[in-house]
Amino acid sequence: MHDDEQAIRDLIATWLRVSAEGDVAQLAGLMAEDVVFLVPGQSPMRGREAFLAAFRAGAGQYRIEGHSEVEEIEVAGDLAYCWTRLSVTAHPLHEGSPTRRSGNTLSILRRKPEGGWVLFRDANLLTVEPAG
């Protein structure tokens, strides 16, 4: 496995860990300032601050648990793409049943000038799994 591929796998693992911990500061460092998130049925979420605002709003309501299986990583210069199979469970902090979403994601990553990778574009195709 090449260093870039391992660095991208590490970024994904870190994303899942800091999301579960609610660590907004570390999460911010994993994405480009001009990141764009594409989610079915919603307008694109543009920019790091928009994502972090949405994350903060949910952090007071849910504990997030995620698991990702990397299907493919391809690096081409300072850009890379990654296809994963992702499952995310949102556990309400107060009342209610957990909600589980799963599906594929296709992410584009950009190499930072000082090295390392950040999330640049993300197409998240998760759907709600039926209860039961």
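Trainee: Anything to know before we start?
Mentor: This is a predicted model, where local features need pLDDT of at least 70, side-chain atom pairs count only at pLDDT 80 or more, and totals for chains, interfaces and linings use all residues. Residues are numbered from 1 along each chain as its sequence is written, and side-chain values use heavy atoms, with hydrogens and water left out.

Trainee: Okay, strands. In which sense do β1 and β6 pair?
Mentor: Parallel: β1 (residues 31-38) and β6 (residues 117-124) share 4 bridges. Strands here are DSSP runs of E with at least two residues, helices are runs of H or I with at least four, and both are numbered from the N terminus. Two strands pair if DSSP finds at least two bridges between them. In this pair, L38 stands opposite A123.

Trainee: And how many bridges link β1 and β2?
Mentor: 2, in the antiparallel sense, with β2 covering residues 45-46. F37 sits opposite M45 there. These two strands form a hairpin with 6 residues between them, and G41 in the turn has a positive phi of about 80°.

Trainee: What about β5, which strands does it run antiparallel to?
Mentor: β4 is one of them, joined to β5 by 12 bridges. Their hairpin has 6 residues between the strands, with G96 at a positive phi near 115°. β6 is also antiparallel to β5, over 7 bridges, and R110 has V118 as its bridge partner. Then β7 (residues 127-128) pairs with β5 over 2 antiparallel bridges.

Trainee: Switching topic: how many residues are in the largest nonpolar core?
Mentor: It has 21, and I8, W15, L27, M31 and F51 have the most contacts inside it. A nonpolar core is a set of buried Ala, Val, Leu, Ile, Met, Phe, Trp, Tyr and Cys residues joined through side-chain atoms within 4.5 Å. α1 gives the most to this core, with 5 residues.

Trainee: What does M31 touch?
Mentor: Leaving aside neighbours within four places in sequence, M31 is in contact with W15, F37, R48, F51, L52, V118 and L119. Contact means heavy atoms within 4.5 Å.

Trainee: Now S87 in β4. Buried or exposed?
Mentor: S87 counts as buried because its relative accessible area is 12%; buried means under 20%, exposed over 50% and partly exposed in between, using a 1.4 Å probe and protein chains only. S87 stands opposite S102 in β5, and S102 also has T127 in β7 as a bridge partner. Beyond four places in sequence, the contacts of S87 are E65, G66, H67, R100, R101 and S102.
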